Amino acid sequence: MIDLNGKKILFLSVSFFNYEKAIAKRLSDLGAEVDFYDERPSNSNLSKGIVRLNKKFYHFKINTYYKRILQEIGNKRYDYFFLIKGEATPPFFLERIREINPEIEMIYYNFDPLAEYPCLVDHLKYFDKKFTFEYNDSLAYNIGFRPLFYLDEYKNLNKNSEPTVYDMVFIGSAHTDRYIVGENIRAVADNLTLRSYFYYYAMGKIAFRLKKIIDKNLKQFDLAKVSFEKLNHQQIIDFYRKTKSVIDINKPFQNGLTIRTFEVLASGRKLITTNSDIINYPFYSPENVLVIDRESIQLNPDFFKTDIKEIDQDVLYKMSLDSFIECLFGDAQDDYWNSFRKK
């Protein structure tokens, strides 16, 4: 494992279901002194919407927030600056961090397609090391390729003796065509008498109702099937304990694997996914992963009759948070991940 003992890290990240807190904790566990800040001044639905649509309307609040961070860290010297996504992070802040820390190593990671967030491309020039979970973006922008990870809480759930309640479970945010695809999967599963459970999550009632008006994908959404309560990791794990497989529905324009992919396979559960790019990863096997076409759902009943094939321990480690940290703060892993891609 990489030695971060005594290293000082300034870490800014978008909020994503407390994974940023898990990363900060692990960096601290490895001996680093971590100063963590959310990259957004606020995580209200209104603030997120403004930042995403037009940051100019939020310019004063963003600048005030980042000037306060600079005041709080004062003249503290850091070994690393680590930014995840940085949708709200202004250029003056990145420039100032470099000015007061000339020897700092600046590290960037993004888990969204840059085509969806083109403003983030401008960030790349400020960083010494930059990584993405999108293979195509790694080629287009000449940056490192590093998939996401699983948290240790999800590992080895097979060591419990709880009875299987479901054949498949879906837990995820309500966005793009997820509801349409999910309900089509549910219908096919019902016809095959497969037991399924779907949990669609939305950030807030008002924001979701407004989005439902303008987003054609959400117009079909039955409000009775959406929850406005976020499940924590333990609640998700409890569902995993009771299911044979977990469904992953990626965004239609996204090839990078979701974090759910890694958690599911590490937990010893099978995966049903709409992301066909998974065949290019070392942990793919048809025994464990059923790739489905979002436009024409088909489920193979035999997939649910067998146990998961054990994943090689070296591959499982490469999927972990520790390996993720080793890649970003140590040696890049492009050669490893790229070696599995089909020619």
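Visitor: How does α8 pass α9 in this model, in a left-handed or a right-handed crossing?
Guide: α8 passes α9 in a right-handed crossing. Keep in mind that this is a predicted model.

Visitor: OK, and at what angle do those two helices pack?
Guide: Helix α8 covers residues 233-241 and helix α9 covers 259-266, and they pack at about 50 degrees with their axes 11 Å apart. That makes α8 oblique to α9.

Visitor: Which residues make the contact?
Guide: From α8 you have H233, I236 and Y240, and from α9 there are R260, E263 and V264. Sorted by class, the contact of α8 with α9 has three nonpolar residues, one polar and two charged.

Visitor: How many bridges join β3 to β4?
Guide: Five bridges link β3 (residues 80-84) with β4 (residues 105-110), and the two strands run parallel. If you want a spot to look at, F82 is opposite I107 in β4.

Visitor: Which residues are involved?
Guide: On the α3 side it's N63, Y66, K67, I69, L70 and I73, and on the α4 side F92, F93, R96, I97 and I100. The class count for the contact of α3 with α4 is eight nonpolar, one polar and two charged.

Visitor: And α1 with α11, are they roughly parallel or roughly perpendicular?
Guide: Helix α1 (residues 19-29) packs with helix α11 (residues 321-329) at about 75 degrees, and the axes are 11 Å apart. The two are therefore roughly perpendicular to each other. In α1, A22, I23, R26 and L27 meet L321, D322, F324, I325 and F329 in α11. The contact of α1 with α11 splits into seven nonpolar, no polar and two charged residues.

Visitor: What does D29 form a salt bridge with?
Guide: D29 pairs with K25, and their closest N and O atoms are 3.0 Å apart. Both belong to helix α1, and because they are four residues apart, about one helical turn separates them. The structure holds 20 salt bridges.

Visitor: One more topic: in what order do the strands of the sheet with β7 come?
Guide: The order is β9-β8-β7-β10-β11-β12, six strands in an open sheet with parallel pairing. The edge strands, each pairing on one side only, are β9 (226-227) and β12 (289-291).

Visitor: How do β7 and β10 pair?
Guide: β7 (residues 166-173) and β10 (residues 243-248) pair in the parallel sense over four bridges. Y166 stands opposite T243 in β10. Helix α6 (residues 178-191) packs on this sheet, touching β7, β8 (196-201) and β10, and its direction makes about 170 degrees with that of β8.

Note on methods
Residues are numbered from 1 along each chain as its sequence is written. This is a predicted model: local features need pLDDT of at least 70, side-chain atom pairs count only at pLDDT 80 or more; totals for chains, interfaces and linings use all residues. Side-chain values use heavy atoms; hydrogens and water are left out. Contact means heavy atoms within 4.5 Å. Ala, Val, Leu, Ile, Met, Phe, Trp, Tyr, Cys and Pro count as nonpolar, Asp, Glu, Lys and Arg as charged, and the others, Gly among them, as polar. Axes are lines fitted to C-alpha atoms, for helices over the stretch in contact, and angles run from 0 to 180 degrees between N-to-C directions. Angles under 35 degrees count as roughly parallel, over 145 as roughly antiparallel, 65 to 115 as roughly perpendicular and the rest as oblique. Two strands pair if DSSP finds at least two bridges between them. A salt bridge is a side-chain nitrogen of Lys or Arg within 4 Å of a carboxyl oxygen of Asp or Glu. A crossing is left-handed if the near helix is turned anticlockwise from the far one by less than a right angle, and right-handed if clockwise.
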